[in-house]
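Please open the structure in the viewer and keep the selection tool at hand.

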Amino acid sequence: MADDSRPHGRHFAPSSREATHLPRPDETAVFLAAAERAAKERSAGSAEGRGATHPAVRGAHAAPELTPRASRPDETAVFLAAAERSRAASAAYAEHVRVPGAEHVEGPAAPLGHDADSTGVIASVSTEDVGETGVLGSVSPVESNDDEDFSGSGDYESVGRSAGLMTGLIIVSRLTGFVRTWVMGIAFGVSYLASSYNIANNLPNMLYELVMGGMLVTAFLPVYLEARRNGGREAADDYVGNLLSVLLIVLGGVSVLAIIFAPGLIWTQSFMSDGSEMDTAVYFFRIFAVQVLFYGLGSVFSGVLNAHRDYFWSNFAPILNNVVVIASFAVFPWLEGVNEGLAITVVAFGTTGGVLVQMACQIPALGQHGVHPRLHVDLHDPLLRKTVSLGVPTLVATLCTFVTASVQNSSALAVQPGTGASVIAYARLWYTLPYALLSVSINTALYTELARDAARGDDDAVRAGISRGIGHQLFFLIPFALYLIVFSFPLNMIYCSGKFDVEGVELVSTYLRYLAVALPLYGVCMLMQKGCSALMDMRPYAVFMTLGALTQVVWSLTLGVGLGGGMPFIALSTAAFYVVANAGAMVWMRRRLYGLQLRTILHGALTGLVLGAAGAAAGGAVLWLLETFVRPLVSYGEGGVIATAGTLVTFLYVVVAGLVSLVVTFVPAVALKLPEASMISSIVRRFKR
């Protein structure tokens with residue numbers, strides 16, 4: 001078991017593999033001497049003139065190649081040019097890392113974008129930067145600093161800050177998502193129409209994931225970083241333009257085929273029911289099918305922005321999506337009284353329009369980062385081939401997700417005809433909320449840093465990052481799983497309006513209680529996906545997902561349908577899936593990285609369990625007091641008349657009790673300065689500014 005004694009953050013000591021590539025002492029001495037000489041020449045006002053006549057510079061054209069065992073003149077020219085370029089970039093390297101033995105060097109030694117290894121030598125300067133003339137290629141200061149940032153190591157201290165920013169946006173996104181679901185509940189309730197809509201609305205995303213999405217999510221970022229690191233902006237733009245062109249052709253064709261074969265695709269989600277209620281789902285899906293293309297393009301745009309550590313638009317875009325869909329649902333009750341077919345059509349086009357806006361709003365941000373891809377098709381591009389080879393195993397994992405979703409929906413419709421699929425859809429909205437607010441932020445920011453360090457071959461940094469990530473997932477998601485169990489009924493009572501009645505609330509709440517068990521395992525599994533992607537080996541992940549999918553299918557069909565376990569056992573099949581998948585993934589990850597920091601993982605799990613249980617108990621007690629001494633959420637009168645507290649009162653109950661739970665759980669974590677609470681501290685500091 002690897003211990004936690006290694007330093008955390010940006011400057012991990014190099015691994016044994018990395019150490020074999022460190023610059024030799026003679027090159028270091030040459031660099032330091034050259035930097036000092038250049039600084040003195042600049043201060044004397046004649047740096048350019050002296051540099052032009054210096055023997056080392058004249059000798060730069062004499063030696064055709066660099067020899068690693070001797071400090072020849074051409075090596076001096078290389079390092080002298082590096083020092084001059086660093087000085088032109090105006091960054092203070094010395095403020096970040098003290099170079100041993102170089103405290104006397106005047107002026108900044110490297111731009112902010114650089115990181116140094118333990119010897120103090122700038123790692124990004126190599127013989128690969130030398131052109132045919134023996135000197136460094138000319139790059140403008142702005143471009144140099146930007147490109148050099150892609151050659152630096154992962155900044156794990158920035159993960160909390162980035163996750164804090166994303167969490168703020170995701171909170172807004174989820175608030176608008178709540179409104180979206182609320183107006184959908186008013187319009188559709190727990191009904192055949194709701195089941196049809198949710199099945200049809202989920203299919204484009206599943207098809208995108210099946211055809212290309214999993215490949216892009218796991219392969220795009222590492223390959224883009226490699227293209228930017230090795231070929232600069234032009235090579236990266238060329239790769240993005242080629243990939244976008246291929247997506248337009250492939251996903252555009254998939255969208256057309258989906259429209260044609262819509263009935264068959266809808267059948268895959270309802271094969272255990274009689275299917276008579278799915279005609280509306282087919283109509284919905286034929287309008288939704290083009291979303292497959294929009295999801296693909298938007299995924300590339302988000303990947304590019306994330307590579308530049310710009311997480312704003314990829315997290316703000318869903319807010320705009322929700323606003324468009326809310327507008328279409330808001331007019332549904334009025335239009336339904338005029339023409340039901342027109343009302344359904346407006347909702348269908350509004351839903352697709354939301355995905356279009358989500359994709360398109362990210363395009364201007366690409367130009368702000370100097371990304372200007374040119375559409376073209378080059379099937380022989382080695383970067384495109386690497387994307388495919390890395391992503392192909394992901395297709396297996398995505399197929400598993402498609403199969404399990406199909407079996408779950410069909411099983412639910414079999415044990416609870418008509419409404420089973422809508423129950424799953426409503427429950428998953430609350431189930432995925434903590435994951436979206438916390439895990440997505442952590443995983444997205446962490447993925448960028450893991451990909452950078454994995455590309456550098458720094459297994460120590462990747463091991464520490466993965467271990468910390470798992471600990472963070474368990475620390476946050478275990479408490480929220482307990483909250484979902486305690487608050488499942490009042491959470492769904494918020495939706496109790498219009499066609500969403502108390503009976504529907506009971507059905508969804510029961511399913512949610514059992515589904516919540518899988519929440520921490522869900523977050524860890526998604527992190528394992530990011531880790532395998534960063535290490536550019538998705539084959540083990542595909543194997544583990546396959547084993548998990550087989551477990552879930554057998555569980556659902558046997559315990560849920562065959563033995564009569566019903567909806568609770570269908571919900572628990574999700575936990576069974578992640579138990580098997582995570583067990584295999586962690587065993588492989590431990591072998592691949594020569595250990596995991598199990599102490600870090602257990603610390604996150606235990607603190608999450610203890611503090612989460614305390615918070616859930618406190619929140620549950622407050623909720624009981626409110627229902628006992630203020631007003632119950634549901635009361636039954638004579639003749640079976642049901643009276644509810646109303647949406648506003650229910651919402652206030654959830655807010656008051658939920659805040660108590662959060663305070664009891666996370667305030668002690670911040671006060672004790674637990675490492676898992678760093679993201680919370682970052683958010684607090686952001687609001688104080």
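Begin with Arg539, which is exposed because its relative accessible area is 57%, above the 50% cut-off. The model is a predicted one. Asp537 counts as buried, at 18% relative accessibility.

Select Asp453, Arg456 and Asp458 next; salt bridges that share partners join these residues into one network. Within this group, the side chains of Asp458 and Arg456 meet at 3.7 Å, N to O. Asp458 is buried at 2% relative accessibility, whereas Arg456 is partly exposed at 27%.

Proceed to Glu226 and Lys386, whose side chains meet in a salt bridge of 2.9 Å, N to O. This pair links distant parts of the chain, since Glu226 lies in helix H8 and Lys386 in helix H16, 160 residues apart. Glu226 is buried, with a relative accessible area of 18%, while Lys386 is partly exposed at 28%.

Remain with helix H8 and select Ile249, which lies in it. Is Ile249 buried or exposed? At 57% relative accessibility, Ile249 counts as exposed. Together with Leu248, Val250, Leu375, Val377 and Leu379, Ile249 makes a nonpolar surface patch of about 540 Å².

Finally, select helix H18, residues 459–493. Of its 35 residues, 31 are buried, so H18 is largely enclosed by the rest of the structure. At Phe487, H18 bends by about 70 degrees, and Pro490 follows within four residues.

Technical notes
Residues numbered from 1 in each chain as written. Predicted model: local features only at pLDDT ≥ 70, side-chain atom pairs only at ≥ 80, totals over all residues. Heavy atoms only, no water. Patch = residues over 30% accessible without salt bridge, like charges linked within 9 Å, V, L, I, M, F, W, Y side chains within 5 Å. Areas by Shrake-Rupley, 256 points an atom, 1.4 Å probe, with all protein chains shown as cover. Salt bridge = Lys/Arg side-chain N within 4 Å of Asp/Glu carboxyl O. Helix = DSSP H or I, 4+ residues; strand = E, 2+ residues; numbered from the N terminus. Buried < 20%, exposed > 50% of the residue type's maximum accessible area, 1.4 Å probe, protein only. Expected span 1.5 Å × (residues − 1). Bend = angle between axes of the 7 residues up to and from the residue.
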